[in-house]
Amino acid sequence: MYYNGVYHFFYQYNPKGAVWGNIVWAHSVSVDMINWKALEPAIYPSKPFDINGTWSGSVTTLPAGNKPVILYTGIDRAGNELQNIAFPKNLSDPYLREWIKPDYNPIIFPVGVNASAIRDPTTAWLGPDKHWRITIGSRRAKRGMAYLYRSRDFVHWIKAKHPLHSSKDTGMWECPDFFPVALEGKKGLDTSAYGEGLKHVFKVSLDATRFEYYTVGKYHHDHDKYVPDVSSPDDSTGLRFDYGNFYASKTFYDPAKQRRILWGWSNESDRAPDENTKGWSGIQAIPRVLWLDSNHRQVVQWPIEELERLRKKQVYIHDKEVKSGHYFEVEGIRTSQADVEVIFDVSSLEKAEALDPAWTDPQKLCGIKKAEAKGGVGPFGLLVLASARMEEKTAVFFRVFKAQNKHVVLMCHDPTRSALVPYVYQPTFAGFVDIDIAKTKKISLRSLIDNSVVESFGAGGKTCITSRVYPTLAVGSDARLFVFNNGLEDVKVSELKAWEIRKPLMNGS
């Protein structure tokens with residue numbers, strides 16, 4: 001949340017080790033979302049209603065008195081998942097270090113629902129009837145559920161007769177998120193915004209797949225019902241904020257810059273013994289600004305502008321042809337921590353491969369058509385965190401296919417050769433890119449590289465992918481960056497800008 005000039009980040013944390021358990025609400029603060037100061041935990045198990053865990057939730061700032069309130073899921077001794085509330089002890093403390101849990105908790109007891117599967121309350125929104133509303137993730141048998149609760153005073157909550165939304169055969173819905181987006185422009189909207197000129201986004205993290213999915217649709221506030229657009233599949237074939245290692249995400253509205261910010265968690269893919277040796281596990285991806293695409297079918301994401309303050313030494317390349325089967329190295333900067341933006345010119349699509357109608361899953365398609373599998377138009381892109389002889393490398397690339405009367409663009413992360421050590425989880429990740437490549441003849445890519453993580457944004461943020469990789473040779477000054485083309489068609493780098501990234505300030509973490 002943003003409160004009185006300070007960004008507050010609350011996150012699930014185990015203070016006793018780099019494994020899951022002993023979960024508290026850790027708390028860090030920042031004035032720019034880049035440089036952070038870690039504080040003592042905001043909430044930890046201490047009461048009968050949360051003695052076995054203080055799990056995920058959200059923060060809402062009440063307009064009356066400008067007072068932030070935490071809603072969170074607590075686990076009692078019997079394993080019931082209860083919804084609780086906490087308030088700042090001292091609003092004059094700029095960091096809001098201490099939080100109080102009233103003894104009248106829980107404010108929502110699991111009546112008429114699965115008591116072991118109802119968690120992660122959302123940020124609340126205020127309806128035109130002056131009732132607050134939240135939704136909480138759950139399931140009924142195999143049906144994913146987003147139960148709706150209403151309150152006048154934010155303490156006494158009543159479950160609505162019907163859920164805000166549900167979908168069959170999707171399993172447990174974790175970390176739901178529900179917020180409005182403007183039909184035009186990039187400005188964010190307050191969570192309580194309603195009326196004309198907007199749509200709503202509904203996101204869930206599916207426990208069954210460990211991926212997240214979202215739909216764009218209409219919120220009928222008169223009936224408290226959310227209906228996805230026809231163009232938004234409401235199942236595990238649908239849209240995703242990120243097609244890689246990205247889960248349990250949460251957005252918030254930043255009133256300081258009128259933007260909606262998305263945070264996501266990326267867990268480790270390393271070997272378990274190495275995780276224990278490191279003494280930490282899991283990272284947050286870079287905060288992203290999120291808005292509705294001009295086609296109104298999907299959202300677009302882009303790293304927050306503050307990240308650019310970490311850029312230092314730069315290299316620039318333009319109008320460089322990359323012939324079929326060739327590559328070149330981007331030299332002049334340290335690339336183990338880098339920010340790379342490149343625009344590829346794809347002037348000819350004549351040799352694009354035919355798209356098999358059975359290739360509907362982009363991740364499976366990427367597993368078949370990896371970076372080293374020569375194609376017609378592509379694969380072309382970047383080899384990041386690569387060793388000098390390319391024994392280790394992580395490929396970030398595009399590949400263009402021909403399907404009936406259109407071209408289909410696949411964006412892919414291929415880390416299958418990212419590390420020489422065995423037993424590291426190295427899945428390919430991929431998503432299709434909603435772009436008319438035959439019309440534009442160009443496609444852009446931005447990749448953020450940071451030692452063990454690669455975050456990529458295709459076509460200006462239409463498709464995003466995050467991967468965790470653990471090279472042993474391509475480390476520090478030995479990490480290299482290459483541009484490659486394994487397609488039959490030549491491509492051109494119209495423009496490439498790459499910056500070294502300096503480390504942010506992390507006080508106390």
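Tutor: Happy to. Let's begin with two cysteines: Cys-366 is buried, and Cys-412 is buried too. Keep in mind that this is a predicted model.

Student: What joins Cys-366 to Cys-412?

Tutor: First the general idea. A disulfide is a covalent bond between the sulfur atoms of two cysteines. Here a disulfide joins Cys-366 to Cys-412, with an S to S distance of 1.5 Å. This pair links distant parts of the chain: Cys-366 sits in helix 2 (residues 362-368) and Cys-412 in strand 30 (residues 406-417), 46 residues apart.

Student: How many disulfides does a search of the whole structure find?

Tutor: It finds 1 disulfide.

Student: Is Cys-464 buried or exposed?

Tutor: Cys-464 has 1% relative accessibility, so it counts as buried. Cys-175 is buried as well, with a relative accessible area of 13%. The cut-off for buried is under 20%.

Student: Let's turn to charged pairs. How many salt bridges does a search of the whole structure find?

Tutor: The search gives 39 salt bridges. To read one, look for a side-chain nitrogen of Lys or Arg within 4 Å of a carboxyl oxygen of Asp or Glu. Take Lys-442 and Asp-345: their side chains meet in a salt bridge, at 3.3 Å from N to O. Lys-442 lies in strand 32 and Asp-345 in strand 26 (residues 337-345), so this pair ties together parts that are 97 residues apart in sequence.

Student: What is the relative accessibility of Asp-345?

Tutor: Asp-345 has 17%, so it counts as buried.

Student: Which residue forms a salt bridge with Arg-399?

Tutor: That's Glu-353, and the closest N and O atoms are 2.8 Å apart. Glu-353 is in strand 27 (residues 353-354) and Arg-399 in strand 29 (residues 393-403), so far as the record of positions goes 46 residues apart, linking distant parts of the chain. Arg-399 counts as buried at 0% relative accessibility, and Glu-353 counts as buried at 15%.

Student: Which residues do salt bridges that share partners join into one network?

Tutor: Glu-81, Arg-119, Glu-174, Asp-207 and Arg-210.

Student: And what about a salt bridge with Lys-89?

Tutor: Lys-89 pairs with Glu-98, with the closest N and O atoms 3.6 Å apart. Lys-89 counts as exposed at 53% relative accessibility, while Glu-98 counts as partly exposed at 47%.

Student: Now for strands. How do I read the two faces of one?

Tutor: In a regular strand the side chains alternate between the two faces of the sheet.

Student: Which strands pair with strand 33?

Tutor: Strand 32 (residues 442-450) runs antiparallel to strand 33 and is joined to it by 6 bridges. One place to look is Leu-445, which stands opposite Gly-458. Strand 34 (residues 463-468) also pairs with strand 33 in the antiparallel sense, over 6 bridges. There, Val-453 stands opposite Arg-468.

Student: How many residues lie between strand 32 and strand 33 in their hairpin?

Tutor: There are 2, and Asn-451 in the turn has a positive phi of about 65°. The hairpin of strand 33 and strand 34 has 4 residues between the strands, and Ala-459 takes a positive phi near 55°.

Student: In what order do the 4 strands of the open sheet come?

Tutor: The order is 5-6-7-8, with antiparallel pairing. Strand 5 (54-62) and strand 8 (99-100) are the edge strands, each pairing on one side only. Strand 6 (residues 67-75) and strand 7 (residues 81-88) run antiparallel, joined by 6 bridges. To find your place there, look for Thr-73, whose bridge partner in strand 7 is Gln-83.

Terms used. Residues are numbered from 1 along each chain as its sequence is written. This is a predicted model: local features need pLDDT of at least 70, side-chain atom pairs count only at pLDDT 80 or more; totals for chains, interfaces and linings use all residues. Side-chain values use heavy atoms; hydrogens and water are left out. Two strands pair if DSSP finds at least two bridges between them. Buried means under 20% relative accessible area, exposed over 50%, partly exposed in between (1.4 Å probe, protein chains only). A disulfide is a pair of cysteine sulfur atoms within 2.5 Å.
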